[in-house]
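Let's take a walk through a protein together, one stop at a time.

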Amino acid sequence: MRRTHVIHPASQPRMIFLMFLGVIVLLLFFVASANAADTDFSDGITVDSTTDAVDVLPGDGICASAANACTLRAAVQEANVTAGADTILLPAGTYTLTLVAPFEAGDDASVGDLDITDSVDIVGVSAGTTIVDANGLVLGDRAFQVTDPLAAGLAVSFTELTIQGGRVLNENGGGLLVEAPEGGPPVEAETAVVVTLFSCVVSDNGADSNLVGPDGKPIGGSGGGIYSTGELVLFDTSVETNAAAANGGGLYAGGPLNVVASKIAENHAESGGGIFDTGAHISNFSRCLIADNSAVGGGGINSRTQVIELFENCTIHGNTATDVGAGINTNGTVDLANCTVSDNVSDSDAPNGGAGLNSFGGMAFEIGTFRLGNTILAGNLVNAQAVPPDLPAVRNCGCTGGTGCSPGAQYVSFGFNLEDAETCTLQGTQDLTNADPQLSPLAFFGGNLPSRGVNPRSLATDGGTNAGSVCPAVDQRGLPRPVDGDGDSVATCDIGAYERQAPDMLVFYDDWEIGDSSRWLDVVSEPGTALNVNDVSAMTGRFGLEATLTGTTDRAYAVDDSPAADTHVAWSFLFDANGVTMADNTRHKVFQAFQEAPVARLVTMVLRYRDLTGMELRVKVHQNDLSWAGTGWLPIPSAGPVLVGIDWTRAAGPGTQDGVLVVSLEGVVADTVTGIDNDALGNVDLVRLGVTGGADPGTTGSHYFDEYFAVR
């Protein structure tokens, strides 16, 4: 008999509810499926909150905190459990980590630092606007930790962001820790984890230590900015103002290191203020700046026995060490091609220790080796704190420790190097010793990093070799090599990291630290005047230029012809006028710029003295009708120097009247003159500096000049 199931009226609402609930469940399933499809991360995980909060359910394909926000931490958690490489998109903002890890908690992406265990690309908007702040003073942790727990190999990249504020104690890696597995199949240890930083900043992180291990060495405390045992690549990245108690203030590399168009600056550590490089690998440095780092040993870089470091187009400048090797200290192998190693300072009194480059080792086979070509070594000092009668000594190269240690054995020349002393025993083809490279200060002359330019009359200009193994296709700035920098119609590679272009942004620089005026084309001192380079006139460093009058109307000046028919030049120099005695309302010229042929005066700076107002400057320019257009009288200090800036631009053409003169004092614009009609008068070929004319009878005493700088 067929049975019929009859629904009782009282049960109908319950059945309707169950049916409705089933529909809701199905809808939720399809919505979840749709969301999972939408967040398959093929287009990237877009973070939409700067709050630090965990993902509700890692692995469900949805980046969402309890507040339904996609945070950076939630995105990392999702990426870790999603197969394949993912992309996390970080909008502009500061992402401050706030979730403190419990004491002795293991690595867990839900608290403390952001633990990355799978391949991922984290992409910000720019390093200036997308900031990940580890908040280390609160968390006691770094920003990121990259590990490969399955030893399957992974690649992680950070792009256009800043990593800052990390602090670790008795651990390594203040900002970023990269840990490769132990090695062996299926991947080799050093390349199991590859981390790349594109256009990033790693700054203000620290790794400290207050414990000592059985070996007497600090526990942790290395890699203030970055600690890596994997492969590390830096491109257009700055690692700066980080600190480590032990090794590697900027970064510690225990695996291959590749640094391209990047800056390592103002970091500090016990050893390797900028970089500590150890292991058995090759590290490459190209178009980089390593500057102003400090350490006990190896202020810029300290590298170990089995490391081979290859430097190309790099500037290693202004690093300090209380021991040796302020620039680079190694017992491995270091090659330098077209590099500039300058003004590194060591306070060590080691008899043969080097300030710029130092080779060290305990036994002959462990002693470091430097191989150099097309490289400048200048101004690297030992015992820099010495006071008269002792003086700092130039020690560009040196060697400490080891029975077979000697600069002659440890420094191999590939030729065409330039040293301003004779400490590197350079004996290669056309090596130059006791030669002035005529370097400018670090400044932006193009590219993404400061560099040290060279003057057109420097022996470094067109002084190198074009051999492909030494002369790369571009210089530190990324500008082409070789270029005819000296005007002889032959394009020859310059020595050093800087290649003068045609025309080059740097016109001419002199700080007179060479101790004479030989960098200038000529000097003129007429009867009753004198022009000297001495310590009395120094306003920075040890020397400056003094122009002296003894009551005559004659002139005393230096001449530079580095400008070349220029339509725009900006000059700056320190000027102290207060060593002269002048009568009320008397004046004379102290700077002039000319066209050489036919001769035309283009720019003139005049000094005037008034009893009521003191010393005053005026800068004026000639116009086509030979009238003058210029600034008002600008008061300058009655004691001490003033930084004078003169920026002159010729009018573009007939009738344009768009010439411009800008005069600044102490870096602040003091007066601007526009509407200048001077297109037909000429272009700048020649400059005079000193007492260039017009002195009134009875004017006596000296003017002082320092840090003369001219750029196009």
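Phe285 and Phe311 are both buried, where buried means under 20% relative accessible area, exposed over 50% and partly exposed in between, using a 1.4 Å probe and protein chains only. Before we go on, a word on what you're looking at: this is a predicted model, in which local features need pLDDT of at least 70, side-chain atom pairs count only at pLDDT 80 or more, and totals for chains, interfaces and linings use all residues. Residues are numbered from 1 along each chain as its sequence is written, and side-chain values use heavy atoms, with hydrogens and water left out.

Now back to the rings. Rings of Phe, Tyr and Trp (its six-membered ring) pair if their centres lie within 6.5 Å; planes under 30 degrees apart count as stacked, over 60 as edge-to-face and the rest as tilted. That rule gives 18 aromatic pairs here. Phe285 and Phe311 make a stacked one, at 4.3 Å centre to centre with 10° between the planes. They sit 26 residues apart, Phe285 in strand S24 (residues 282–286) and Phe311 in strand S28 (residues 308–312). Strands (E, at least two residues) and helices (H or I, at least four) are DSSP runs, numbered from the N terminus.

For an edge-to-face pair, look at Phe445 and Tyr498, with 5.6 Å centre to centre and 80° between the planes. Phe445 is in the loop between S43 and strand S44 (451–454) and Tyr498 in the loop between S44 and strand S45 (506–510), so this pair ties together parts 53 residues apart in sequence. Why does Phe445 count as buried? Because its relative accessibility is 4%.

Phe311 also turns up in the largest nonpolar core, a group of 67 residues where Phe144, Phe158, Phe311 and Leu336 touch the most other members. Such a core is a set of buried Ala, Val, Leu, Ile, Met, Phe, Trp, Tyr and Cys residues joined through side-chain atoms within 4.5 Å. Helix H2 (residues 72–81) gives the most to this core, with five residues. A second, separate core has 52 residues, including Leu607 and Ile646.
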